[in-house]
Amino acid sequence: MNLKPAILDILTRDDLKQIVDDLGIDGVDRRSADGMRSALRKARRARAEDLLAYMRKDQIRQVCEAAGVSAKGKRDELVARLVSEWQRPKRTGKKGTPMANDNDGRAGEKQQGLPSRNEAGNGKKLDVSALESWLWEAACQIRGPLDAPKFKDYILPLIFLKRLSDVFEDEIRHLAHEFGDEKTAAKLVEQDHKLVRFFIPEAARWPTIAQKTTGLGEHLTDAVRAVARENPRLSGVVDVTDFNATTAGQRIVDDGRLTSLVQVLSNPNYRLGLEDVEPDILGRAYEYLLRKFAEGQGQSAGEFYTPREVAVIMARMLDPQPGQTVYDPCCGSGGLLIKCHLRLLETKGKRENGRLKLPTKVAPLRLHGQEINGSTFAMARMNAFIHDMEAEIALGDTMHRPAFTEGDGGIRRFDLVTANPMWNQKFDARTYENDSYERFKRGTPPRSSADWGWVQHMYASLKDRGRMALVLDTGAVSRGSGNQGSNKERDIRRQFVEDDCVEAVLLLPENLFYNTTAPGIVMVLNRKKRTPGEILLINGSKLFSKGRPKNYLEEEHIERIAEVYHEWKAEEGLSAVITKDEAVKNDYNLSPSRYVSTGAEAEVLPLDEAVVLLAEAEEERAEADRALDEVLANLGFEGWRNG
């Protein structure tokens, strides 16, 4: 049976009113019990298990009796029994075809071309913990024939295919608001593919794939190729894996293991629609698979996945406006670009057919990204496709071969730049000294850390009134300060401070990032500062909630940080506004913890920062030795220092 209508029929008018108010469902006549029931039947937010929480034990017993299950036992036992009954496989029609159900729970004929779905919002939110358990279970299905680093080559394309299928299903539902019902909407979409942002052929829809029992490898390969044919922007992105591939005459992953993998990914508890998971679910999955199986990918952005909350903070700080250009030079799977896109939707969008859309008079963002890793580049294009973003994503090495240039050979410039480059990358000095784009005018970074190389590239990519926000290691704003003599990072930082480019620095809490427990900072630079001669320093090290395995920021923390930044205010224990002269007095140390005390104990130098400092010292020693050798050679003592 369909549990949700049975529950709604038993709930009283007062119960229904309470639920409607709690869920914030608008446009409902709260005087009419039937009207509220109808609205709740259609609301995906009103899940059956949530509705049960509003019921008394005697009401739950009535539902049990209607469902034909035992009404004996404790309240929790009854609820578990009902949910279990509800999640049992649906009855089948002719030829074993599942019978579909409409949103209001009435049994109907199978809707041709319309994928099945979790009825009544049965899907659970796929949070980080659930995602990781799900991915691990999936990986276990193909552990035998594949080396661990190759798991992602099979799992990620299937996750993407399922996401496409679930989002396509959501598209049909949204169109049903306009065309009356889902069956009509599905039929019209079959006739005119332009009604949806992308069209998924029936053979590539997840319900079809999940029912396939023979020849699955060939079917999956044909399915992803069919998707690419229907949606040319995905050619070379979704269709890169041959699920039927062989080596030495043997299948790499046989149909039995592929079937097990598909069944795990078909878990009815999880959907991958736009409202079911965080926007960059693909990037999160990729990051987990890299981390879990310790695959060394060099400059892979997946290794440095930006936590959702940090990406949201950066988007709130940048506050993108209609028509602006946004650039991420190391975009990974596109998460930071997505957050900028979503921020514009939040501030300028209007709700149509149940989702936010930009009005026709509001120009969308024009998004640009470059990524060096082929796998994450493909996911960035997938994400741009799913979110219907105007995005140009390029594959390549930004530091050595930037993709976005002008006709005269100069660097293309953008309104906003956002990035989380890999921290403390090591580039040879020739990277900066032989640069034909004149990006590194403020100095050559040390070999031990490219942080200020990335800052200079991004700053060179800004228009005259452009702004940028990037995530860096905490040491990027303090290393070298207080040292006697020259220090490459401090000297570059001094140039940016004296040129009045640095607008704000936010110190993040510890243990947010997967690859390190170090806190990290968000630095904002502005070519046309609101408050010339001032720098806002925010110590957000205490604004977090404890989590396992990682800490996280609540919405209230994000709001507080964004408010302090936009209102440009000093707040005891949280923020300080310093002048350029104060930064000079502190030898260009811009660490918020130096200016804003939170009452915490004295800081301990993080291990990774100590390693960078040691590498810088070794580099400086080597340069001093070379200079000394030249002097000694000129005096006739060549090789004397080494005996």
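**Asp415 and its surroundings**

Trainee: What does Asp415 touch, leaving out residues up to four places away in sequence?
Mentor: Asp415 touches Gln324, Thr325, Leu462, Lys463, Gly466 and Arg467. Contact means heavy atoms within 4.5 Å.

Trainee: Before we go on, what kind of model is this?
Mentor: This is a predicted model, where local features need pLDDT of at least 70, side-chain atom pairs count only at pLDDT 80 or more, and totals for chains, interfaces and linings use all residues. Residues are numbered from 1 along each chain as its sequence is written, and side-chain values use heavy atoms, with hydrogens and water left out.

Trainee: Back to Asp415. Which strand is it in?
Mentor: Asp415 sits in strand β8. Strands (E, at least two residues) and helices (H or I, at least four) are DSSP runs, numbered from the N terminus.

Trainee: And which backbone nitrogen does the side chain of Asp415 reach?
Mentor: That of Thr325, at 2.8 Å.

Trainee: Let's do the sheet. What is the strand order?
Mentor: The order is β7-β6-β3-β8-β9-β11-β10-β12-β13. These nine strands form an open sheet with mixed pairing. Two strands pair if DSSP finds at least two bridges between them.

Trainee: Which strands stand at the edges?
Mentor: β7 (390-395) and β13 (575-579). Each has a single partner strand, so one side of each is left without a neighbour in the sheet.

Trainee: How does β8 run against β9, parallel or antiparallel?
Mentor: Parallel, with five bridges joining them. Ala419 stands opposite Leu470 in β9.

Trainee: What about β9 and β11, parallel or antiparallel?
Mentor: Antiparallel, over six bridges. Val471 has Val522 in β11 as its bridge partner. β10 (residues 502-507) also pairs with β11 in the antiparallel sense, over five bridges. There, Val505 stands opposite Met523 in β11.

Trainee: Why is β9 called largely enclosed?
Mentor: Eight of its eleven residues are buried, so the rest of the structure largely encloses β9. Buried means under 20% relative accessible area, exposed over 50%, and partly exposed in between (1.4 Å probe, protein chains only).

Trainee: Now helix α18. How many of its residues are buried?
Mentor: Ten of ten, across residues 451-460. Among them are Trp452, Trp454 and Tyr459.

Trainee: What do the buried residues of α18 pack against?
Mentor: They pack against β3 (325-328), β8 (414-419), α17 (430-433), β9 (462-472), α19 (488-498) and β11 (521-526).

Trainee: New topic, charges. How many salt bridges are there?
Mentor: The count comes to 30. A salt bridge is a side-chain nitrogen of Lys or Arg within 4 Å of a carboxyl oxygen of Asp or Glu.

Trainee: Is Arg173 buried or exposed?
Mentor: Buried, at 12% relative accessibility. Glu169 counts as buried too, at 2%.

Terms used. A polar contact is a pair of N or O atoms within 3.5 Å; within protein, one must be able to donate a hydrogen and the other to accept it, and residues adjacent in sequence count only if both atoms are side-chain atoms.
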